[in-house]
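Hello,

Here is the structure I promised to pass on to you. Please have a look, and then read my notes below.

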Amino acid sequence: MASMLQPQIILLKEGTDTSQGKAQLVSNINACTAVADVVRMTLGPRGMDKLIHDGKGNVTISNDGATIMKLLDIVHPAAKILVDIAKSQDSEVGDGTTTVVLLAGEFLKEAKPFVEDGVHPQNLIRSYRTACNLAIEKIKELAVSIEGKSLEEKKSFLAKCAATTLSSKLIGGEKEFFASMVVDAVIAIGNEDRLNMIGIKKVPGGNMRDSFLVNGVAFKKTFSYAGFEQQPKKFLNPKILLLNIELELKSEKENAEIRLSDPSQYQSIVDAEWNIIYDKLDKCVKSGVKVVLSRLAIGDLATQYFADRDIFCAGRVTEEDLHRVAAATGGTIQTSVNNIIDEVLGTCEVFEEKQVGNERFNIFSGCPSGRTATIVLRGGADQFIEEAERSLHDAIMIVRRALKNSTVVAGGGAIDMEISRYLRQHARTIAGKSQLFINSYAKALEVIPRQLCDNAGFDATDVLNKLRQKHALPSGEGAPYGVDINTGGILDSFANFVWEPSVVKINAINAATEAACLILSVDETVKNPKSESAQGEAAASAMGGRGRGGGFPGRGMRRR
């Protein structure tokens, strides 16, 4: 009787929501599967696009996994992990964002029946990690290196990788055109690690094939004053001065008081202001430059002054564009016009201002450093150009990775089928429950070719059976066979140039396995609504002022 009357021990605040055990784990798995189902249809060359309409009225059309995941605004704490792995895949490799989410969702889906049957999650995690390591070793074994090839061979190799990436995008119809453009841009920046050295400028109008690559820098004409039209618009081998100062007549707002005894002295103060700006402009002209760019404003006086002396100037150039001009032309951005020496000036073979659609562009080409490139994108609708930019970003990342890691594997679901076959074979050599778990991991990998077939409208069961039969050949000649997206059969992906860098697959399998293991290891979720309301109160008090709320007079405040 005494034990029944013992008070209940309360550890957590009132209103705290806790859920734990098997039910909690199954709930997390269901949430992740639901997220994977959202991006499932976007995989592959025949993948559908998603139209996402946010609260601000912005419309985004995309089939890029990372973009969709970012815009979905997922609130479920476990499902957010899938958003994180899509982002990490995007920043690390650039492509394979849909693949990584699909794989993670499928690993969890395969684990679900085991969890419901009472298998301890740690056993699953151990087997999944073993299977992941075996899969990565197999990928490295199957990868083909492009080291030691000539530049032309490398270019064609990289263009195939870029075309494979672009085939699943909105601009897939022109994949060869854009693939060669991307390869030229990446080779132009060489070993430069900063991705912003490849600029992408968007100009609505025209069609996709009007897009072009500038081996140098191009940016939109900035705001200009009267006198701009009198300036020359083309130079050969000009000297280029890059500034971070204003060239504008403005009152010298020094914190000083000047007392005048004679009204004529006022004119000398006004003249001093004019002399300061003329002195700056004279120094620019004497340095022998023909193009002056500044991050800050170049006023109407300076614009006319330069026009009279056949010098081109542009003010309010964005910081990113200015840095790219500096990197390309070999110039240095100056914060003063004193002591301008030749070493700080940049140069290029041709500078011209050119009309592109409704916009005018300043184009610097034939730059000596050659560490920058600019892709000018054309297209009908704004959403289309935005999606084309995201697609090119993926292709650029892929080509950079392929250049650095220089190994590729067969795409089109071929590598996934081969690893799946290898893991099933390996599972037979293992005694105990682990055999079942590694088998389920192998089955999960088949989601990629299955989904490619589903999205193209083919019979996935039929195609997968053909692939299994081909990959099971003892000679190993079936390893490069994947889904033929055009006929609904199977084909040698490698011979048909469906290639992807091995780093994409390695990263995707690693990230998906880690995410699945992380979600499987969570058995309890604690949600404290009080902490949320506390944050709200803290924000309110911060707005109200220090001490007591802003509406009440506190200590030291005068009562009105």
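In which helix is Trp274 found? Trp274 sits in helix 8, residues 264-286 (helices are DSSP runs of H or I with at least four residues, numbered from the N terminus).

First, some background. This is a predicted model, where local features need pLDDT of at least 70 and side-chain atom pairs count only at pLDDT 80 or more, while totals for chains, interfaces and linings use all residues. Residues are numbered from 1 along each chain as its sequence is written, and side-chain values use heavy atoms, leaving out hydrogens and water.

Trp274 counts as partly exposed because its relative accessibility is 34% (buried is under 20%, exposed over 50%, partly exposed in between, with a 1.4 Å probe and protein chains only).

Ser167 lies in the loop between helix 6 (151-166) and helix 7 (175-189). With 15% relative accessibility, Ser167 counts as buried. Its side chain reaches the backbone oxygen of Thr164 at 2.7 Å. Not counting residues up to four places away in sequence, Ser167 touches Pro45, Gly172 and Lys175 (contact means heavy atoms within 4.5 Å).

Now to the inside. The largest nonpolar core has 73 residues, and Leu423 is one of those that touch the most other members (a core is a set of buried Ala, Val, Leu, Ile, Met, Phe, Trp, Tyr and Cys residues joined through side-chain atoms within 4.5 Å). Apart from this core lies another, of 39 residues, including Val183 and Trp499.

Best wishes

Technical notes: Helix = DSSP H or I, 4+ residues; strand = E, 2+ residues; numbered from the N terminus. Polar contact = N/O pair within 3.5 Å; in protein donor to acceptor, adjacent residues only side chain to side chain.
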